[in-house]
Amino acid sequence: MIQGIFYARFFPQQGTKIVAQSPPGCIVPVHGVDKPCLFDFNVLQEYIIPRKAFCNRYITVNDPEGKYSVLGFPVSIPNPRYDRNEFIFNFGIVIECGRDGGYDGNPSNDIDQVPYERVVRRLAVTFAEMEKQSGYLSQDHDRHPPVDEQQERGGRVIGSYRRRPIESLLEIIKEDLNNYGECMIPVDDANTINMKLFPHHPTPPEVKGWHVPVAKMKFADVVDPTWDLTLQRVITQIDGVSDVRRIAYAADVSLELTQLALRHLLYYDTILLLDIFFFGTCYAPRPGIHDFIANVGGMVDECAHYVCVGAANHGTPPSDRGTGTSTGGSIGPGEGPSSGSSNPMDPKGSGGHRVSNYMLIKLMTTFCVGKTVMEWLKGHMDAGFDVLRFVDVRRLVQFGVIKGCLYRVHKYVVSKQYLAQLATGQAVPMAGGDPLQKYMDGCHTFDQIITEQNLTDAEIMNKLKSFPSSGVGDITVIYR
Amino acid sequence: MALPVLPSPSNFLGVALVINRSRDGPRFVFHYPQLVPAPGLSGTRPECGKDADDDNDLLLTRPSRLDGFETSAPSAPHPANLAQWNHDDHLVTESGTQIVPWEHVAGFPTKDLENILTPARAYHKRLFQVSLDPLYCVSYPIYVPENGVWRKKKRQQRKDAGAAARRDDEGVAPGDTDSANRSGEKGVSEDQSEGRDPAKGTAKTADEAEDKKSSMTMFNLVFFLKPKKHEVKDLVDVMFVHIIKKINKAYKYCQQRSDFVWKESKKILALKDKGREDKRNMSALWEDILQNSSLAQSMQDIYDAVSQNKIAALQLETIEGMVTHSVQIPVPFHISDIPQDLEGDECGLWMTTANSLISDEAVEEPSYLDKNFGLLLLADEKKISAELQGDPDDTTVSMIEFVRHCKPTLSFYQVGQQSSNVLTPLQVRKYAQHFIYWRRAIAIPPLHARDMYIVNPNCDMRKLPQATARWARQFPLLPALPNFLAELSVSPRPYKLHCPSKAHRPVYMAMLAWLMRGGWVTQLCTFAYVVVWPEIIYEVEYALEAEDIARTKRSQSGANAAPSSSTGAAALGDVAVAGFGMSSSFLSLTADDEPSDVASSVTTLRDLSLSHSQSLAPHQSSDPDLTPPSPRRTLSDPQSHITAHINTSLAMTPATTSQQPTAAEKAAEKARLERIADKAARELAERATAHARKAVPEQTAHPSVNAAKHLVGTSPHIILDAKKATGKESLYLSVIEKRLRGRSAALASSATARISRDRNVSNNSIHGNRGGAPVGVAKQGRDAHTTAKDDGRVADAWGKFSKYFNGQSALERIALQEDMKRKDVWNLLTAMSEYLLCVRHW
């Protein structure tokens, strides 16, 4: 929330003065307003109109109480037509700091200053430009002396100038940004100020070729023709099963562009990145599994809704591969985690059997380090539960991973000799050597090798057996 | 505990000391490192790249800023010259102005910075934070007291003031202050003793007059930060609370005692002025200053340590002796779940959930920590002892003793015992805390060869090459690190199985400790919940229903016997009585239950009966006089007199009510009540027949595989926290206990049990995987020999252990907590495994 907004100017004679402020009296006292100012202007004025070296940049400062932050962008326009050859002004806003000195335990504690930076910059740039072009601000001074002088003057609209006073502009900006998060204000015939508060997100991690993006929303419903063409092609291929490399191939887009497009989606938190599902890989529980067991927020019912398969499908794991994008994969993963809690369970469940909550918990908890999905499956089959007939294993695993119940145990290959070389800094890519060697430092998962080298797990293992380097015992496989 | 945003050379650019003087104005004294890069100048504004696409602000702003820069400082060097400048030599512009390398810091002239960084007195001992584009200047300005005298006046007072200042200084630390003072890093306490030195005191009175009014009015140690946009607040908070505030306070302490900051500043400024005249190279001058001024030296220490997230040890050579003080940003040494960003700061941290419980449990039971945790020293025992001896004080001897006794395989409790009680539990706890806070050790659940350890999913594989080399030096004759990790990671099994022979055990434990230290492995723990099988559920439901019917029957017959129209009321009153009857009958089921359990089941049943009475209430709602007894009943002593009490009250009730109505009304009322009674009787009879038709609960040896027809519809129930179980869940628990008690009998009677058990064990046992198979097999072998005595032990343990069946307490730690043998605990747990749902993670 903007607590106050002001326009400050440096006057050659009087020094730094507040020319306009909203609400009245927020920065310097005015006649008729009893409310105390937000902070002591005298303490902060050297940061509102600072020394020249600090002009023309975004400056913030906190007040001594630790309650407010003053965000400003002091602008200095050098020009011989001004007194002292310079016109200095600052449009600043005051927001709550949300630091401990301020409101303790108040929910407003986490106030994000970042969105306001653009507002302040935009105000500075627009008015600087208007001043440069038409002397908008310097002329205004004639009608608007500093606050302490203007008190005796009643009406402030003067006939010949048909434009808004800055004070009312500031008020509109403050109100609109506080209430709607955006504003569109015609300043004069030629200029309009358009501003919007955008949330700031941290830079998303890189998208790798072996990641599997899962949509969190139905892209088909929100996409429109103005979207980036590459993005439009990429989103049609996101099905919750295909890895990035496959998506790039299927969308006929280069891998780099695909990664860029997906990273963009990741920035807006519209996709999740998972790993490639194989029956030969391991998954193991994480502490989050306790929420699953306790059925927090109806998680198990949500899971049942998502993973139980119809009796018609029995025998083979239903694959979303190739079922297109509009119904199969993309809706499921997207809808399952996000909306499932609102509709607890759907007993009709595409005509299949709903597996009991207990059984789902049992299935989820029996994943274990050192046990592949295949072995896990076999264990349950032997125990008399035909998992494949009732449950889509891939979806179960994905559900577990998305909800933080399971993690993927990755497989790494490590060559001791190569490690020793790395440790001494002698590692040189072996000319004409094995293309696999660079993967052997323990930082590259099998998923990466599989996608980058286009090999299967078994093929890689075979190649490793015949790895030329140092003979027996050099290569080990670590699961993590 | 999440990892805080930590300073690094990329977001912590430097420190600078700025002072203000009463007549001469502000002065920029010193900064470190020598070259604080200008965050905006190079045009690499990483965060802005993203904004730029739809933001024309930048395009518009940049030229204007350049304008400003050029015109604002007429003496500014030519940009081209500046670009090539190495920031070490002095430049001379065409106009003859000398540009001094140290007079530009972070892209700003120090002349301007010194003004903006000396805020008004309003900021005295408060956070001062000003940002200049991406550069954040954060500090905690210290002003001279209003009277203009830094130094406290009288000697006696000074001692107090010193203590007060110290308290003040330390008061901000969140409770680790004790440890901060006690150790080698005990800063202020040490020189306080020196302050008492009488010889120095006399000399001081002389300069007191001369130094009365210091010309320095404030000093301000400013930290230049360049946080990423989303981490501004976090980084500033962390730095301010743990570093900035504490260091400025330490300086203030020295300034108050010996005018330290002012004297050192004068020294540095003199050196700089001379360097300016001689046009000395900045690097040479800086070296000089660092050697000559312990203040400058301390700033270097601060920057070098804090930007690497290490412990910064200040050593300030005041005229009254060395003042030492240590500061750091405390970082967690473990996390409880895999971090989002696998390559981020948290990578490499040890993962465990053991510590997430501390807060709850420690309150309830202070010894919880002692028994569950041991200390793993992060450095060599000898090295730590040497460190301690290097800076001796009265706790050094016992601390060294503590270090000597600490083994990662021992809990604090055991350490206390082993040291033949030289160390009190309190000492053990305090020292451990101290070592942990100062990053010399971490607390871990004691290592044990029977426990399972897996490769930490969060281990930092990037460190593998170096770690492998170090491992090879440390354990030359043993398998290489990659091989050992591979072995641990293939399939989890008790650690001792990795050890070739008993003789290797000690060295293998040392290896394990090494791996723990580096965050390479973590313990795989087992967490359990109680599963109630349909058979048990059915049994309890059946019994409850039978009780209910019997009770209603009894109450109806009682009501018939009652003289007047108060059938409903009698029934109502009897509910409670019947409740007790029922509870006693249940008590007979669980004869040797612990008293607390009895109490809980009684309350449970009372709850049940209350709810019943409420459900009955609508039937009599037409009769207002009948409701009063219920509050009275709840007030009265529940145990014995209740029946009589209610009966008397009931006897009175009709007497009062029957006085008003006429005979006709009475007849009508009676008929109505009779109708109700009839209906109730009919319903009861129906229920009774329905109940009789139900299958009688049959106790099979293995309820988990009982597939009887009447159980098909029921799915097993999971008790989330057996300790807090109430209502039906507590009934389930006592029924299970009873089953465990009679287990061997049941086993003997059922010939088919063995087969079903096979399947069951592999399904359900704690060791439900390949690695655990041997235990399961061993268990079956023993089945034949289970005796009633064993069953008794299992049943007893069930009551004792059930508090751990909450999915939060690792079963591996029961032995430590209960002071039992690990093997016994496992045997008991295995015997209970049919009723446990287990899940394993760190």
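**Exercise 1. Which share of the contacts in chain B with a separation of 6 or more is accounted for by residues 24 or more positions apart?**

Solution. The model is predicted, so that local features need a pLDDT of at least 70 and side-chain atom pairs count only at pLDDT 80 or more, while totals for chains, interfaces and linings use all residues. Residues are numbered from 1 along each chain as its sequence is written, and chains are lettered from A and ligands numbered from 1 in the order in which they are written.

Begin with the term: two residues are in contact if their C-beta atoms, placed from the backbone, lie within 7 Å. For chain B, residues 24 or more positions apart then account for 73% of the contacts with a separation of 6 or more. In chain A, among contacts between residues at least 6 apart in sequence, 66% join residues at least 24 apart.

**Exercise 2. Characterise the interface between chain A and chain B.**

Solution. Start with the totals: 68 residues of chain B are in contact with 68 residues of chain A. On the side of chain B that touches chain A, helix α2 (residues 57–72) of chain B gives the most, with 9 residues. By class, this side of chain B holds 33 nonpolar, 22 polar and 13 charged residues, where Ala, Val, Leu, Ile, Met, Phe, Trp, Tyr, Cys and Pro count as nonpolar, Asp, Glu, Lys and Arg as charged, and the others, Gly among them, as polar.

Next, look for strands that pair across the chains, which requires that DSSP finds at least two bridges between them. Strand β3 (residues 59–62) of chain A and strand β7 (residues 128–132) of chain B run antiparallel and are joined by 3 bridges, and Val61(A) has Val130(B) as its bridge partner in β7(B).

**Exercise 3. How are helices α15 and α16 of chain B arranged, and which residues make their contact?**

Solution. Two packed helices are described by the angle between their axes and the distance between the axes. The axes are lines fitted to C-alpha atoms, for helices over the stretch in contact, and angles run from 0 to 180 degrees between N-to-C directions. Helix α15 (residues 381–390) of chain B packs against helix α16 (residues 396–405) of chain B at an angle of about 175°, with their axes 10 Å apart. That makes α15(B) roughly antiparallel to α16(B), a label given to angles over 145 degrees.

From α15(B) the contact draws on Glu381(B), Ile384(B), Ser385(B), Leu388(B) and Gln389(B), and from α16(B) on Thr396(B), Met399(B), Ile400(B) and Val403(B). Sorted by class, this contact has 5 nonpolar, 3 polar and 1 charged residues.

**Exercise 4. Are Glu117(A) and Arg245(A) buried or partly exposed?**

Solution. Glu117(A) lies in helix α2 (residues 114–134) of chain A and is partly exposed, because 19 other C-beta atoms lie within 10 Å. Not counting residues up to four places away in sequence, Glu117(A) touches Tyr58(A) and Leu71(A).

Arg245(A) lies in helix α8 (residues 244–251) of chain A and is buried, because 20 other C-beta atoms lie within 10 Å. Leaving aside neighbours within four places in sequence, Arg245(A) is in contact with Gly209(A), Leu255(A) and Thr451(A).

Terms used:
Helix = DSSP H or I, 4+ residues; strand = E, 2+ residues; numbered from the N terminus. Parallel < 35°, antiparallel > 145°, perpendicular 65-115°, else oblique. Buried ≥ 20, exposed ≤ 12 C-beta atoms within 10 Å, placed from the backbone.
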